Amino acid sequence: MIERRTPSRMLFLYGNYVILTLFAITCLFPILHMAAMSLSSNSAVTAGWVTVWPVDFNLDTYKYIVRNQSFLYSAVNSFERLSLGVSLGLALTILAAYPLSKSNLKFRSRTVYSWFFVITMIFNGGLIPTFMVVKETGLMDSIGALVIPSAVNVFNIVLMLNFFRSQPIELEESAQIDGAGAWRTLWSIYLPISKPSLATIALFTIIFHWNAWFDGLIYMNSPTHYPLQTYLRTVIVSHDLSNVNASDFSMIQNISSRTVLAAQLFVSMLPVLCIYPFLQKYFVHGLVLGSVKG
Amino acid sequence: METTGIRKSGRIASAYHLMLLPAVILVLIYSYGPIAGIVIAFQDFVPSKGWFGSDWIGLGNFEYVFNMPDTMQVLKNTLLISLMKMIVGIIFPLTLAILLSEVKNALFKRTVQTIVYMPYFLSWVILSGILVDILSPTDGIVNNALHVFGIDSIYFLGDGVWFRIVLIASHIWKELGFDTIVYLAAILSIDKSLYEAASLDGAGHMKQTWHITLPGMRPIVVLLSVLSLGNILNAGFDQVFNLYSPQVYDSADILDTFVYRIGIEQMQYGVATAVGLFKSVVSLIFISGSYFMAYRFANYRIF
Amino acid sequence: MKINVKKSLGASTAALLLLTVLSACGDNNNNNAASDSGNASNRPTASAQASGETGEVSDAPIDPNAKFEPAVDATVGVSINDAMGKDFTEEKWENSVWIQAYRDQLGINIKPSWYAKGVDATKQKISVSIASGDIPDILGVTQEQLATLSKTDLIWDMKDIFDKYATPLTKQIITEEGNTALDSATFGGKLLAVPGTNSAIDGASFLWVRQDWLTKLGLAVPKTTDELYNVMKAFADKDPDGDGKKNTVGLMLNKDFLAPGVAEAIGIFNAFDAYPKAWVRGADGKLVYGSALPEVKDALAYLNKLYKEGLIEKDFAAKDSSKAAELAASGKVGVDFGAMWNGMYPLQQTKDNFADSDWRAYAIVSKDDQPANPQIKLNVENYYVVSKEYEHPEVLVKLINFWTELNYGNATQEEFDKFLGPAPAPGHHWAVAKAWKAQKNLQAHLNVVEAFKSGDTSKLNAEEKGYYDNIVKFKNGDNAQAQFEKVFGETGSFVAMNDYVTGNLFKMDKFYGASTEAMKNRLKTIEQTVIEYYTKVIMGADSIDNFDKFVDQLNKLGLADVTQEVNEWDAAKK
């Protein structure tokens with residue numbers, strides 16, 4: 001079909017480019033602003049000269065944060081959490097989603113299991129009871145507290161089982177005719193074709209673990225065990241100096257300057273910003289397929 | 001022959017049970033375990049006495065909550081904030097999806113998409129750090145820009161009205177790109193021949209959008225709106241918690257932050273659990289309702 | 001939020017300096033008490049006590065400072081605050097001189113059961129600890145947390161233990177401002193915590209005036225509200241800064257003028273015998289809420305007059321204290337009501353910009369010839385509780401004894417500096433339990449002034465010597481050190497503070513218990529309504545004729561309930 005290029009159409013097309021560019025800039029600007037601040041001098045930032053380009057370019061803040069033990073510890077914790085959390089999450093999701101994707105005829109207990117999982121999407125015991133369970137199961141102050149209670153994600157299971165179900169039934173039947181058991185069918189027939197869905201779920205799980213901060217605060221008994229976002233939270237929150245009697249001078253000097261905070265924020269975004277563009281085609285595909293938002 | 005079939009399907013079924021076992025065990029411990037703790041919603045919970053040792057007070061905690069002057073305000077805030085988020089959360093992504101679908105330059109389209117997806121992947125901890133900085137009334141870049149136009153500083157995060165606006169705007173900013181994904185797919189799935197026919201009839205692009213694209217997307221829009229109703233009481237704990245401060249409690253306190261403050265800061269554990277349970281029950285009603293409607297009208301099923 | 005940080009930063013910068021460096025004042029009025037108590041820090045060996053004693057009353061004399069043989073363990077929760085440094089590490093905490101001394105001198109092995117970074121995280125940690133019924137052996141909690149704990153049987157009644165093990169010095173410090181601190185930790189006759197006291201008097205309001213402007217305009221220091229009015233009028237109209245423009249105002253005021261600190265109006269309310277936000281005893285012996293008493297009407301009318309005549313900034317209601325304080329920095333204001341540390345922040349900024357400026361602190365003015373009563377409230381930094389499961393509740397008391405002895409007892413300067421001197425000494429944040437003397441800063445002022453009189457600095461401790469040296473620098477022309485003179489020097493705010501103390505002028509908030517149920521839910525709304533109405537009256541948008549209506553509204557908002565609960569608390573206390 002040939003586009004008719006009427007003047008109003010042209011106007012719209014150019015206007016469209018402008019609007020979309022503005023949208024994109026709005027999304028990009030705050031992040032560039034942070035990056036620029038982290039590379040500028042404190043005085044330039046305070047004077048309000050920094051927008052998206054560093055003023056008085058210097059790397060002092062980065063030199064500071066690579067020497068900042070708390071920041072480094074928490075980054076290591078976050079990566080540890082990520083690797084454990086993602087592998088555990090993926091394994092559990094696949095194993096739970098596969099049987100649930102079978103029809104009621106093939107797997108009669110399916111409905112019971114489904115309800116068993118779905119109920120947990122609506123009801124939860126809340127903070128205090130969850131805390132007690134985590135404590136009683138001996139996970140306090142360990143990486144387990146961050147990855148085990150949250151390991152089963154019902155949303156991801158639903159996403160995955162919808163994918164499995166969308167596959168032609170012949171796949172399974174032919175495998176069974178070849179004498180393959182359930183485990184073999186899953187492993188050698190289904191998994192190899194699940195890459196887009198797995199990538200989507202992996203991405204969601206990565207995002208979840210990288211961005212989680214609350215559990216770190218509650219379950220860790222020591223800031224050296226905080227994951228990155230928990231550490232950032234303690235740096236960002238307002239410093240309550242209302243009870244001035246109990247504080248002293250060094251407190252003021254120790255409050256992070258804006259540039260240091262900007263650098264820490266920027267560094268913390270980097271891993272995620274580096275991953276998602278490469279998984280874009282998968283999660284777009286996976287999402288549309290699941291039609292369920294993570 | 002028959003028996004081997006049964007034996008075989010029995011073997012497969014037990015394999016299925018086995019596959020589900022790890023997830024079931026974890027859910028049993030870490031989801032159902034705490035759910036048992038809901039009993040303290042009906043108790044005058046005293047920590048040293050445990051979940052089942054405290055005095056039972058029936059619905060006392062619920063009565064207390066509904067007699068608290070803050071409760072209604074909190075409910076109102078929650079509904080207002082989440083409804084606003086819901087509405088702008090449909091309009092903006094829908095518009096963006098239509099605009100994007102009009103772009104013919106593949107590189108530009110992909111670049112814009114990648115950029116607008118980005119905020120979705122950042123945590124509210126990070127975003128709040130950014131927002132607090134750029135919205136600072138003393139030296140944030142937004143207020144600096146306002147000064148250029150001769151406008152006085154606005155304390156965005158300290159003023160009740162502005163705070164809500166910031167909540168909704170930053171929410172849509174974060175989710176916008178990501179929410180377009182499904183809409184874009186819906187646009188792509190509209191039958192191309194419809195456009196061609198319309199074009200032959202002399203319909204312009206505006207008309208085509210109005211008469212073909214929008215109606216073609218109606219099912220998915222309706223479905224997503226209906227499903228989002230189930231989240232009506234989730235106004236965004238992470239976002240509000242990381243951005244708010246006592247001076248905006250009146251307009252920004254939502255159910256989840258309220259529960260947190262009653263539970264953790266005021267240590268009224270029974271009351272906090274009661275509010276949480278109330279929220280779960282109301283959510284259950286909304287979720288069942290919305291899924292039922294989605295099933296009836298769009299034949300949508302989660303499983 | 002950023003602005004809050006900024007706001008309080010400035011305000012605290014100064015206060016901090018004053019309030020936290022410690023004194024080992026060797027020659028103050030605690031000497032007698034102190035010498036009785038023995039010297040914990042210099043006593044490595046002590047009579048071994050039967051270990052396992054848990055506070056049951058025995059007739060045998062007890063040495064409160066005896067070392068545990070064999071040593072006992074005690075778990076604690078550690079809150080890491082910003083002052084403890086960016087390079088805080090757990091190893092550093094566990095090897096600090098405090099922990100070593102507890103171990104070597106007292107036979108107490110401190111074991112952290114958790115660390116939490118920041119106010120938020122600490123609150124969460126303590127809350128979930130209490131919820132799960134598992135608290136560390138020794139823990140510092142807030143008044144609210146103590147109230148929750150009082151409903152459980154998780155903690156010791158410390159009454160007998162405190163009586164038995166606290167040294168006279170410790171007892172004297174904790175009861176320095178009467179029994180209020182102990183009462184505030186007492187629930188149903190049980191002393192559930194040892195209060196870590198802090199200074200109440202340091203929160204009192206003062207009248208700060210530009211003395212150089214008074215002199216220039218030939219005015220005397222105002223003693224009454226009328227005289228003060230004339231002074232402010234002159235400051236606004238007679239061009240005290242001499243730039244030929246009418247650009248000065250009389251009074252520096254911020255929108256939250258009922259919060260103590262900088263640019264407040266509490267001093268003016270007190271001048272009219274009104275005590276907003278404080279609970280005072282009415283004629284019938286019942287406690288009543290100061291914000292709703294008719295006395296505030298006079299103060300509001302006074303402020304309204306100031307506002308109408310342009311003696312207060314037109315847009316004061318839009319300025320927080322740090323914004324309001326910019327007036328001082330730019331030399332456009334001559335009167336400020338604020339705490340004793342205002343001489344450091346924000347008024348030092350005036351000195352930085354205008355070398356000839358001279359802020360002085362005086363006692364707040366009064367509506368008549370009787371001196372006014374500045375309002376103050378109980379100030380407890382931490383309530384220290386001991387887990388019931390812990391066998392040695394006296395450990396807590398011994399830790400506090402150790403602190404008081406070191407700070408206010410007979411410890412040598414060398415010993416003191418090891419813990420509380422300049423770096424590398426860790427400072428007070430690293431101590432496990434502490435209780436401050438109410439009048440430490442006042443004492444520092446008296447000693448510094450004495451040293452200037454006698455020329456003998458040998459009696460000053462490290463902190464006081466620091467003040468002394470800075471004041472000398474100021475006198476030799478270093479204006480950056482003016483702040484020390486303005487607070488601790490012979491013309492400092494503590495001169496007026498000393499008058500407050502010797503004249504016994506303070507009006508103590510009569511309620512010092514934990515928040516009651518209605519308070520938790522309603523007080524915030526009530527306070528907000530109060531400040532809104534007051535602001536409107538001052539700006540002329542509402543009238544004092546509506547005061548009774550306003551009080552009705554407060555009562556409907558829950559003040560009636562709160563008042564009832566406060567009086568129940570008051571009755572139960574007797």
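Helices and strands are here DSSP runs, numbered from the N terminus, and the model to which they belong is a predicted one.

**Exercise 1.** Locate the cis peptide bonds that end at P346(C) and at P70(C), and state in which loop of chain C each of these prolines is found.

*Solution.* Begin with P346(C), which is found in the loop between β11 (333–338) and α15 (347–353) of chain C. The peptide bond that leads from Y345(C) into this proline is cis, and its omega is near 0°. Turn next to P70(C), which is joined to E69(C) by a cis peptide bond with an omega of about -5°. The loop that holds P70(C) runs between α2 (31–36) and β1 (72–80) of chain C.

**Exercise 2.** Describe the side of chain B that touches chain A, and then the side that touches chain C.

*Solution.* Take chain A as the partner: 67 residues of chain B are in contact with 72 residues of chain A. Helix α1 (residues 2–36) of chain B contributes the largest share of this side, namely 18 residues. Sorted by class, the side consists of 45 nonpolar, 17 polar and five charged residues. With chain C as the partner, 20 residues of chain B are in contact with 23 residues of chain C. At least two residues of this side come from each of α3 (69–101), α5 (124–134) and α12 (255–265) of chain B, and its classes are eleven nonpolar, six polar and three charged.

**Exercise 3.** Classify the crossing of α4 and α7 in chain B, and identify the residues that meet there.

*Solution.* The axes of helix α4 (residues 106–117) and helix α7 (residues 160–188) of chain B come within 7 Å and cross at roughly 130°. The angle falls between the limits of 115 for roughly perpendicular and 145 for roughly antiparallel, and α4(B) and α7(B) are therefore oblique to each other. From α4(B), the residues Q113(B), V116(B) and Y117(B) meet L176(B), G177(B) and F178(B) of α7(B). By class, the residues of this contact are four nonpolar and two polar, with no charged residue.

**Exercise 4.** Name the residues that touch the most other members of the largest nonpolar core, and follow the contacts of L396(C).

*Solution.* The core holds 315 residues, and those that touch the most other members are A96(A), V275(B), V385(C) and L396(C). Its largest share, twelve residues, comes from α7(B). If residues up to four places away in sequence are left out, L396(C) touches I138(C), V194(C), Y384(C), V386(C) and A433(C).

Methods: Residues are numbered from 1 along each chain as its sequence is written. Chains are lettered from A and ligands numbered from 1 in the order in which they are written. This is a predicted model: local features need pLDDT of at least 70, side-chain atom pairs count only at pLDDT 80 or more; totals for chains, interfaces and linings use all residues. Helices (H or I, at least four residues) and strands (E, at least two) are DSSP runs, numbered from the N terminus. Two residues are in contact if their C-beta atoms, placed from the backbone, lie within 7 Å. Ala, Val, Leu, Ile, Met, Phe, Trp, Tyr, Cys and Pro count as nonpolar, Asp, Glu, Lys and Arg as charged, and the others, Gly among them, as polar. Axes are lines fitted to C-alpha atoms, for helices over the stretch in contact, and angles run from 0 to 180 degrees between N-to-C directions. Angles under 35 degrees count as roughly parallel, over 145 as roughly antiparallel, 65 to 115 as roughly perpendicular and the rest as oblique. A nonpolar core is a set of buried Ala, Val, Leu, Ile, Met, Phe, Trp, Tyr and Cys residues joined through C-beta atoms within 7 Å. A residue is buried if 20 or more other C-beta atoms lie within 10 Å of its own, exposed if 12 or fewer, and partly exposed in between; C-beta atoms are placed from the backbone.
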